[in-house]
Amino acid sequence: MRRLLKFLHTMGAIGLMGAMACLIVLLSLTPPPEALAGYALMRGAMGAVATWIFLPSLAFTLVAGLLAVAFHPGFREAGWAWVKLATGVLVFEGGFVGIQGPMQEEARRSAAALRGEIDAATLTGALAAERNTLWVILAVAVLNVALGIWRPRILRLPRSDLSRPA
């Protein structure tokens with residue numbers, strides 16, 4: 001079980017960080033909203049990456065990490081694991097609030113503008129803000145990987161009676 005959870009957690013982290021890197025590249029290549037056809041195409045691509053790569057990878061990483069802590073008593077006693085859990089929650093919340101939601105919404109709105117259903121002037125074009133959010137979340141994800149690899153002795157929590165062998 002431990003190896004399976006480690007595998008799922010690692011694969012999720014690879015997909016999550018790869019999706020963020022892909023989104024950063026797409027954001028840097030996205031034309032302004034005035035070039036509506038190109039803007040809508042890129043926003044559609046970003047919405048697809050956020051939906052089909054970023055979100056499932058985020059879920060795999062989070063669920064596998066939580067299960068690993070639940071099943072492995074050593075992780076419950078390690079301070080680095082709790083720091084990693086706290087920063088993982090930041091990645092999770094930032095991913096939903098700062099990446100997933102805005103990218104899907106702007107993809108939907110740009111497609112509607114391309115069809116003439118809404119005014120193209122209402123598109124946000126918040127490329128710099130989204131790119132900055134991605135860089136911050138990517139940096140926190142890199143910190144999580146570093147914590148998982150080096151496992152520094154940040155804080156050693158005392159063993160509870162439940163985790164001691166009988």
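This is a predicted model: local features need pLDDT of at least 70, side-chain atom pairs count only at pLDDT 80 or more; totals for chains, interfaces and linings use all residues.
Residues are numbered from 1 along each chain as its sequence is written, and side-chain values use heavy atoms, with hydrogens and water left out. Local features need pLDDT of at least 70 and side-chain atom pairs count only at pLDDT 80 or more, whereas totals for chains, interfaces and linings use all residues.

Met-1, Leu-4, Phe-7, Met-11, Ile-14, Val-63, Leu-67 and Phe-71 make a nonpolar surface patch of about 810 Å². Two or more residues of this patch are given by each of α1 (2-29) and α2 (36-71), and α1 provides the largest share, 4 residues. Helices are DSSP runs (H or I, at least four residues) numbered from the N terminus. Patches consist of residues with over 30% relative accessible area and no salt bridge, with nonpolar side chains (Val, Leu, Ile, Met, Phe, Trp, Tyr) joined within 5 Å and like charges within 9 Å. Accessible areas were computed by the Shrake-Rupley method with a 1.4 Å probe; for residues, only the protein chains shown count as cover. Met-1 is located in the segment before α1 and is exposed because its relative accessibility is 60%; the classes are buried (under 20% relative accessible area), exposed (over 50%) and partly exposed (in between).

A positive surface patch is formed by Arg-2, Arg-3, Lys-6 and Arg-151. Lys and Arg count as positive, Asp and Glu as negative, and His and the chain ends are not counted; the place of a charge is NZ of Lys, CZ of Arg, CG of Asp or CD of Glu. Lys-6 is part of helix α1 and is exposed, at 55% relative accessible area.

Leu-8 is also a residue of helix α1, and is partly exposed at 25% relative accessibility. Not counting residues up to four places away in sequence, Leu-8 touches Phe-60 and Ala-64 (contact: heavy atoms within 4.5 Å).

The count of salt bridges (a side-chain nitrogen of Lys or Arg within 4 Å of a carboxyl oxygen of Asp or Glu) is 3. In one of them, Arg-43 pairs with Glu-130, with the closest N and O atoms 2.7 Å apart. Arg-43 belongs to helix α2 and Glu-130 to helix α5 (residues 127-150), so this pair ties together parts 87 residues apart in sequence. Both residues, Arg-43 and Glu-130, are buried.

Glu-105 and Arg-108 form a salt bridge at 2.4 Å, N to O. Both lie in helix α4 (residues 79-114), 3 residues apart, about one turn of the helix. Glu-105 is partly exposed at 34% relative accessible area, and Arg-108 is partly exposed at 48%. A salt bridge also joins the side chains of Glu-117 and Arg-115 (2.9 Å, N to O); both Glu-117 and Arg-115 are exposed.

Notes:
Buried means under 20% relative accessible area, exposed over 50%, partly exposed in between (1.4 Å probe, protein chains only).
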